[in-house]
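Biologist: I would like to learn how to read a ligand site and a nonpolar core. Can we go through them step by step?

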Amino acid sequence: MSKFYITTPLYYVNDKPHIGHAYTTILADVLARYHRIMGEEVHFLTGTDEHGQKVQEAAANRNVDPKTHVDEFVVRFKELWEKLHINYDDFIRTTEPRHTDRVKELLTTLYEKGEIYADEYEGLYSVSEERFVTEKEVEEGDFRQIKKLKEKNYFFKMSKYQDALIDHIENHPEFIKPETRKNEILGFLRNPLNDLCISRPKSRLSWGIEMPFDKDYVTYVWFDALLNYITAIGWGKDETTFQNWWPVNYHLMGKDILTTHAVYWPTMLMAAGLPLPKSILAHGWWMNEESKMSKSLGNVVNPLELIDDYGVDSVRFFLMRDMVLGMDANFTMESFIKRYNADLANDYGNLVNRVTMLIQKHFDGKIPESGDYNEIDLELIAQAKITPKSVSKLIQELKIHDALETTLSLLRKINRYLEAKAPWKSIKEDSTPGSSAATTLALSADVLRIGSQLLNPVMPEKTTAILKILGAGNIPLNETNIVLLTPGSVLGEGKSPFPRIIIE
Ligand code: MSP
């Protein structure tokens, strides 16, 4: 069975989760669910990044010690994932011993091999980024607080791997996606790569993993957090599990943290003698009314409020449908409601009601028996057969928005098919088994079943309800067979779970 290992970034527990966190996690969940229905063995990892300055400061602001703070905040993430129906296989916290022990072991090994060395360094230090920055970066970037610092620190020989990394990126077109981001990283690597400062003196930062070879220092938060992708799957402890999943298929993240994943992380893996990830995927940002969401602007969309008002599945659907992977997307309430009403309430929901109501009324609530197919029937069957294949190809290419559009166009096709065959008219003359109306409704219900199964990874709850209404509980999604709803099987109770949103 082919294997699929996918990860989200580990979120900082310094604040409430927002729509950006929700997006990456839903994206990972949707991909994991699609790969599961495609018959693959899937491992989906998420978690929290609990060390470092940001978390230490957040705890200090609340007057609690960091451990109490992280224990309280991790719950908010876990609760949100539960509410969003995120079906992860593992949740790692960087404060867990299964992680910290392995980080220390790697640090010791790399120190003994001479891959990590101590040096006195004087330079410009960015408080917000928690790292030394170059003068060029200061000129070009927006660093709020810069200090001049001179101190002893430990460095990882990242520069040594620059050429090997460039080679790897150039020879593996799948390594960094999308292409534009790959080119950005290659551009970045045209300048000499410095060694990476991977320690912080405890006088400045105490909340971190202690350097095993120097008790006065803790580990730089990224050199700690990135390792979660291997510590969580048993690296250094359970070799079989580790070999089963590594290398990862996809590391998902926003474009702002691509450099750490596409430069620091691969060089760390090279130093550890491990294979590199198959693919690193950077998505764009969700903007609010065209501007960046930020706490100071007060325009951060809270996913919990949206769920409470409109349901989990419509939020999942909107986020997947309206962002082209790799590009920024705009979040507005207007576009959310428009999308919901057009695609879910109209094209999908009304169709469910139309088909099930006719079957209830004229066929005693049982799937009717089909007769011979005519040309119009065969046209619908052809599209129904090809859609699962197209969807699975689009998912492999990470074109989720297109996969959704392809599925919706199958649903729209059923609507047109119904208009063309008008079973509500022919039923008056003949509603016997095998009649035109019987065939039309049996076929519509079955194609609706296929569409619902294809939408299931994005809207697990609502499509399951619809599949129940169609009496299609456990039919596997089979690419070649159609009309799997057995004639005579009884429809479930209920109406479309997508009522129209009326704006006052
Ligand atoms: N802790 C690090 C990641 C360590 S991974 C080993 C971190 N955490 S974070 O909580 O600040 O951010 C996590 C993710 O949220 C990033 O992928 C970031 O791109 C994403 N987003 C934050 N705001 C966003 C939007 N407005 N839109 C989309 N994603 C955004 O960085």
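**Ligand site and cores**

Modeller: Start with Asp256: one of its polar side-chain atoms lies 2.5 Å from an oxygen atom of the ligand. A polar side-chain atom of His21 lies 3.2 Å from a ligand oxygen. For Tyr12, a backbone N or O atom lies 3.1 Å from an oxygen atom of the ligand. This is a predicted model: local features need pLDDT of at least 70, side-chain atom pairs count only at pLDDT 80 or more, and totals for chains, interfaces and linings use all residues. Residues are numbered from 1 along each chain as its sequence is written, and side-chain values use heavy atoms, with hydrogens and water left out.

Biologist: How many residues surround the ligand, and which are the closest?

Modeller: Being near means having a heavy atom within 4 Å. Here 22 residues surround the ligand, and the closest are Leu10, Asp49, Gly254, Asp256 and Trp286. By class, this shell has twelve nonpolar, eight polar and two charged residues. Gly counts as polar.

Biologist: Which element gives the largest share of the shell?

Modeller: Strands are DSSP runs of E, at least two residues long. β1 gives the largest share, four residues.

Biologist: Which residues have the most contacts inside the largest nonpolar core?

Modeller: A nonpolar core joins buried residues (under 20% relative accessible area, 1.4 Å probe, protein chains only) through side-chain atoms within 4.5 Å. The largest has 94 residues, and Leu319, Met320 and Tyr348 have the most contacts inside it. Not counting residues up to four places away in sequence, Leu319 touches Ile19, Tyr23, Ile26, Trp286 and Phe331, with contact meaning heavy atoms within 4.5 Å.

How values were computed: A polar contact is a pair of N or O atoms within 3.5 Å; within protein, one must be able to donate a hydrogen and the other to accept it, and residues adjacent in sequence count only if both atoms are side-chain atoms. Buried means under 20% relative accessible area, exposed over 50%, partly exposed in between (1.4 Å probe, protein chains only).
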